[in-house]
Amino acid sequence: MAVPAIELSGVVKCFGAIRAVDGLDLDVPEGICLGLLGPNGAGKSTTMRLLTGQAIADEGSIRVLGHELPGESKEARALMGVVPQLDNLDVDVSVQDNLAVFARLYRVRDVGEAVDRGLALARLTGRRTDAVDKLSGGMRRRLLLARGLVHRPQLMLLDEPTVGLDPQIRTELWSLIDALRAEGKTILMSTHYIEEAERLADEVALMAEGRVIARGRPSELIAEHAGRETAEVYGPPERLAEVRTRAQADGLAVRPAGPAVAIVGAERSSNGAVPPDAVRRPASLEDVFVLLTGAEAE
Amino acid sequence: MRRLEPAAIGGVMSREVANFRTIWRTTTFSSLLEPVIYLVAFGLGLGATIVNRVDGLEYVEFVGTGMVATAVIFSSALPAMFGTFVKERFQRTYDAILAAPVDVEELVTAEMLWIGLRAGVYGTFPLIVSMLFGLDPAPGMLLVPLFCFITALGFAAFGIAVAGSVAKIDQFNYVTTLVITPLFLVAGTFFPISGLPQGLQVAAQVNPLHHLVELVRHASFGFEIEDLIRVGVLVGFAVCLWRLAVRRMTARLID
């Protein structure tokens with residue numbers, strides 16, 4: 001059996017009294033895109049920092065691409081690329097120099113070739129001499145992605161790669177990440193956007209309170225935790241409360257869904273717990289997310 | 001991978017060079033103009049009206065050589081403090097660098113070396129400007145960039161250690177008021193320390209800036225055997241502060 005690209009076993013990371021990561025077991029096989037999905041505070045960013053050696057685990061073991069962390073963190077980092085949540089490009093420096101600096105940091109032999117490749121990937125060849133602060137938000141995110149790929153890493157860590165972006169830029173980024181998946185690159189992507197995880201991840205690991213609470217392909221997670229069908233019921237609060245009580249009495253899971261309540265696993269309803277005017281739709285990863293984490297989906 | 005890899009240090013310094021290319025004009029302009037202003041104000045003003053000769057030197061020669069130390073501390077400690085804090089806290093530059101195969105020790109060393117090199121060059125500007133005001137060139141002056149470089153390494157490390165220790169950027173005010181200003185005043189830049197009370201004279205002996213001032217004056221007017229000790233003090237200062245800076249930044253950057 002192939003060695004996973006990432007293996008975390010029993011990892012604990014505390015900040016004072018807070019256990020940000022609490023007994024995390026996670027492995028990422030080579031060649032897949034694993035979405036690390038969870039609400040804010042679930043421990044996703046801390047997990048990313050543990051993998052880049054910027055946080056040291058209090059307990060447990062971490063191996064990345066065969067290297068034990070934190071002792072061999074530098075060796076592991078040489079083989080991985082990181083796209084951070086926050087834009088930390090050098091804004092006064094040209095696009096090409098931003099790439100060249102990181103090519104040098106990653107010991108790339110042919111810096112010029114790496115810069116040209118990065119520019120092509122980010123579709124910024126025509127803007128190579130422009131300062132970064134002259135670029136649009138979407139261009140800057142593409143440049144961040146290209147910077148993380150400047151040394152042809154075996155593994156990519158994408159930390160909330162589209163957080164705070166408008167839908168058009170997000171779609172642009174997704175197509176670039178899709179291209180990486182098609183190349184067979186191993187990707188670990190943290191996100192709290194359900195749609196992003198569904199769209200990009202081969203597998204999803206759902207995190208809450210510092211540990212993985214569910215793991216599988218999106219369709220498997222939905223089938224296992226949410227069934228086939230969800231029924232959404234709209235109406236005044238009194239009616240929604242009544243629907244909720246009846247559905248729960250029937251053994252069904254119910255969750256809030258904006259102005260409605262959603263009855264999850266509605267196909268199992270046997271005695272009229274789902275009203276005839278309910279809007280039925282296929283169960284979704286969002287249903288799983290809300291049911292298991294108790295958090296509202298974004 | 002080894003510690004203190006030249007490739008990692010060079011990579012971090014290349015980032016500094018790329019940024020410096022966007023600001024070198026303003027930095028160089030102020031570094032050249034500042035000593036001119038000081039020399040006109042102190043050297044010609046004070047020197048012509050109140051003070052004529054100090055420690056056997058024309059006042060312009062005394063101030064011109066002393067101001068090298070001023071240039072060094074202000075082009076090393078302050079950029080290190082503010083630059084490090086901004087890159088760590090606001091720009092998140094260090095998060096990006098440390099995600100690459102670079103460790104905190106290499107990062108701090110590269111920052112120190114870059115600031116040291118810059119200060120080594122800018123530290124000589126007051127000397128060059130002083131020549132326009134009558135200071136005679138001397139062969140020993142060729143060593144001044146080296147003295148500035150070594151001193152600036154220590155003060156860069158000091159600035160980085162401070163940046164790695166404070167919680168808010170406005171706390172730098174304490175450091176400039178309580179540490180940097182006294183160091184620069186009790187260095188023998190504008191007046192000889194021999195005129196100070198005994199306690200301050202002793203304090204000056206542990207002030208690295210005072211040793212730099214003496215080295216620059218001796219480079220201009222004749223070295224003494226004690227200058228080897230002065231160089232040793234500056235090297236020791238740089239090494240001690242380097243280790244402190246690495247420790248403070250590791251605590252700040254690695255959770």
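Angles under 35 degrees count as roughly parallel, over 145 as roughly antiparallel, 65 to 115 as roughly perpendicular, and the rest as oblique.

**Ground rules.** I am reading a predicted model, where local features need pLDDT of at least 70, side-chain atom pairs count only at pLDDT 80 or more, and totals for chains, interfaces and linings use all residues. Residues are numbered from 1 along each chain as its sequence is written, while chains are lettered from A and ligands numbered from 1 in the order in which they are written.

**Entry: helices of chain A.** Axes are lines fitted to C-alpha atoms, for helices over the stretch in contact, and angles run from 0 to 180 degrees between N-to-C directions. I noted who meets whom: A:Gly137, A:Gly138, A:Arg141, A:Arg142 and A:Leu145 of α5(A) face A:Ile169, A:Glu172, A:Leu173 and A:Leu176 of α6(A). Contact means that C-beta atoms, placed from the backbone, lie within 7 Å. By class, this contact has four nonpolar, two polar and three charged residues. Ala, Val, Leu, Ile, Met, Phe, Trp, Tyr, Cys and Pro count as nonpolar, Asp, Glu, Lys and Arg as charged, and the others, Gly among them, as polar.

**Entry: the sheet of chain A.** I traced an open sheet of six strands in the order β6-β7-β8-β3-β9-β10, with mixed pairing. Strands pair if DSSP finds at least two bridges between them. β6 (80–83) and β10 (211–216) of chain A each have a single partner strand, so one side of each is left without a neighbour in the sheet. On average, neighbouring strands are turned by 15° against each other, direction ignored. β9 (residues 203–208) of chain A pairs with β10(A) in the antiparallel sense over five bridges. There I found A:Ala205 bridged to A:Arg215 of β10(A). I then checked what covers the strands. α5(A) lies across β6 and β7 of chain A, at about 165° to β6(A).

**Entry: helices of chain B.** I turned to α3 (residues 59–74) and α11 (residues 208–221) of chain B, which pack at about 140° with axes 8 Å apart. α3(B) and α11(B) are therefore oblique to each other. Their contact residues divide into eight nonpolar, three polar and one charged. Next came α6 (residues 104–122) and α12 (residues 227–253) of chain B, whose axes come within 9 Å and cross at roughly 125°. α6(B) and α12(B) are therefore oblique to each other. On the α6(B) side I found B:Val104, B:Glu105, B:Val108 and B:Met112 making the contact. Finally, I looked just after α7(B), where B:Gly134 takes a positive phi of about 115°.

**Entry: where the chains meet.** I found 25 residues of chain B in contact with 23 residues of chain A. On the chain B side, α1 (6–20) and α5 (93–99) are the elements giving two or more residues. The largest share, eight residues, comes from α1(B). By class, the chain B side has 13 nonpolar, seven polar and five charged residues.

Note on methods. Two residues are in contact if their C-beta atoms, placed from the backbone, lie within 7 Å. Helices (H or I, at least four residues) and strands (E, at least two) are DSSP runs, numbered from the N terminus.
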